[in-house]
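This report goes through some local features of one structure, topic by topic. Please keep the sequence and the 3D view open while reading.

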Amino acid sequence: MILHAHPFSSYCQKVLTALYEAGTAFTYQHLDFGDPAAREAFAALWPVMRMPVLVDGDRIVVESTIIIEHLDLHHPGPARMVPGDPAAALEARLLDRAFDNYVMTPMQRVVADFMRRPEIRDPTGVAEARSLLDRAYGWLDGRLRGRTWAAGESFGLADCAAAPALFYADWVQPIPPSCGRLRDYRAQLLARPSFARAVDEARPYRHFFPPGAPDRD
């Protein structure tokens with residue numbers, strides 16, 4: 001298998017965490033969009049040009065959640081990323097979508113605004129994104145009550161989504177002290193060897209973080 005990815009990308013880290021967690025063998029094709037040939041080759045795989053992309057034999061698998069589910073089906077590790085029980089699987093998928101849509105997406109909206117010229121920045125959109133993050137933090141903090149991991153007692157799909165989402169979101173909109181469970185959960189994710197490896201691989205690229213990466217984590 002070949003994973004086309006960049007180590008600083010949050011969605012790539014999501015898939016890398018699943019791969020490292022399972023100990024799955026793969027070739028890591030680092031994407032360099034500054035190289036026209038690399039851009040052209042990647043566009044031939046996936047015209048939308050969004051990372052990551054997994055090439056597994058003659059299959060081209062896109063979208064981070066689908067890649068993880070594909071791995072779970074065709075290259076399972078010691079533990080399932082998605083529970084076999086349908087109700088538990090539904091909870092895992094719910095949390096996966098929540099972290100992607102209500103943490104990762106507004107975080108990226110804030111970050112993207114730093115890349116605009118000052119005269120075309122969107123303070124209203126950024127305020128809305130920050131407000132959504134705060135609401136998501138509160139909901140997730142309550143959802144974590146009594147759980148070891150996001151969707152229950154086992155590390156899985158939802159945690160792969162949560163790890164990079166909370167990692168970067170806390171940089172732009174700190175998780176408040178009132179959300180103690182969520183803060184502790186973020187620290188627990190950073191201590192997980194699979195995600196810690198993905199974070200360490202991305203350290204050389206931190207200076208590219210548009211708002212400026214904090215001197216922590």
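## An aromatic cluster

One aromatic cluster is formed by Phe8, Phe167, Tyr168, Trp171, Phe195 and Phe209. The model is predicted: local features need pLDDT of at least 70, side-chain atom pairs count only at pLDDT 80 or more, and totals for chains, interfaces and linings use all residues. Residues are numbered from 1 along each chain as its sequence is written, and side-chain values use heavy atoms, with hydrogens and water left out.

## Aromatic pairs

Rings of Phe, Tyr and Trp (its six-membered ring) pair if their centres lie within 6.5 Å; planes under 30 degrees apart count as stacked, over 60 as edge-to-face and the rest as tilted. By this rule there are 14 aromatic pairs. One of them is the tilted pair of Phe33 and Phe42, with 5.6 Å from centre to centre and 45 degrees between the planes. Phe42 is buried, at 2% relative accessibility, and Phe33 is partly exposed, at 28%. Here buried means under 20% relative accessible area, exposed over 50%, and partly exposed in between (1.4 Å probe, protein chains only).

Trp171 and Phe209 form an edge-to-face pair, 5.0 Å centre to centre with 80 degrees between the planes. This pair links distant parts of the chain: Trp171 is in helix H6 (residues 157–172) and Phe209 is in the segment after helix H8 (193–202), 38 residues apart. Both Trp171 and Phe209 are buried. The helices (H or I, at least four residues) and strands (E, at least two) named in this report are DSSP runs, numbered from the N terminus.

## Charges over rings

A charge sits over a ring if NZ of Lys or CZ of Arg is within 6 Å of the ring centre and within 35 degrees of the ring normal. Which residue lies over the face of Phe33? Arg39 does, at 5.4 Å from the ring centre. Arg197 lies over the face of Tyr20, at 3.7 Å from the ring centre.

## How helix H5 packs

Two packed helices are described by the angle between their axes and the distance between those axes. Axes are lines fitted to C-alpha atoms, for helices over the stretch in contact, and angles run from 0 to 180 degrees between N-to-C directions. Helix H5 (residues 123–143) and H6 pack at about 125 degrees, with axes 11 Å apart. H5 is therefore oblique to H6; angles under 35 degrees count as roughly parallel, over 145 as roughly antiparallel, 65 to 115 as roughly perpendicular and the rest as oblique. Arg130, Leu133 and Tyr137 in H5 meet Leu166, Ala169, Asp170 and Val172 in H6, where contact means heavy atoms within 4.5 Å.

H5 also packs against helix H7 (residues 180–191), at an angle of about 80 degrees and with the axes 7 Å apart. That makes H5 roughly perpendicular to H7. On the H5 side the contact is made by Tyr137, Leu140, Asp141 and Gly142, and on the H7 side by Gly180, Arg181 and Leu182.

Leu3 is in strand S1 (residues 2–5). Is Leu3 buried or exposed? Leu3 is buried, with a relative accessible area of 0%. Leaving aside neighbours within four places in sequence, Leu3 is in contact with residues including Val15, Leu16, Phe26, Tyr28, Pro52 and Leu54. Leu3 and Trp149 are 146 residues apart in sequence, and their C-alpha atoms are 26 Å apart in space.

Arg80 is in the loop between helix H3 (64–74) and helix H4 (86–114), and is partly exposed, with a relative accessible area of 48%. Not counting residues up to four places away in sequence, Arg80 touches Asp72 and Phe155. The C-alpha atoms of Arg80 and Asp217 are separated by 28 Å, and these residues are 137 apart along the chain.

## Backbone details in two loops

The loop between helix H2 (36–45) and strand S3 (53–56) holds Pro52. The peptide bond from Met51 to Pro52 is cis, with omega near -5 degrees. Met49 is also found in the loop between H2 and S3. Met49 has a positive phi of about 60 degrees although it is not a glycine, and counts as buried at 18% relative accessibility.

Glu63 lies in the loop between strand S4 (59–62) and H3. Phi of Glu63 is positive, near 75 degrees, in a residue other than glycine. At 47% relative accessibility, Glu63 is partly exposed.
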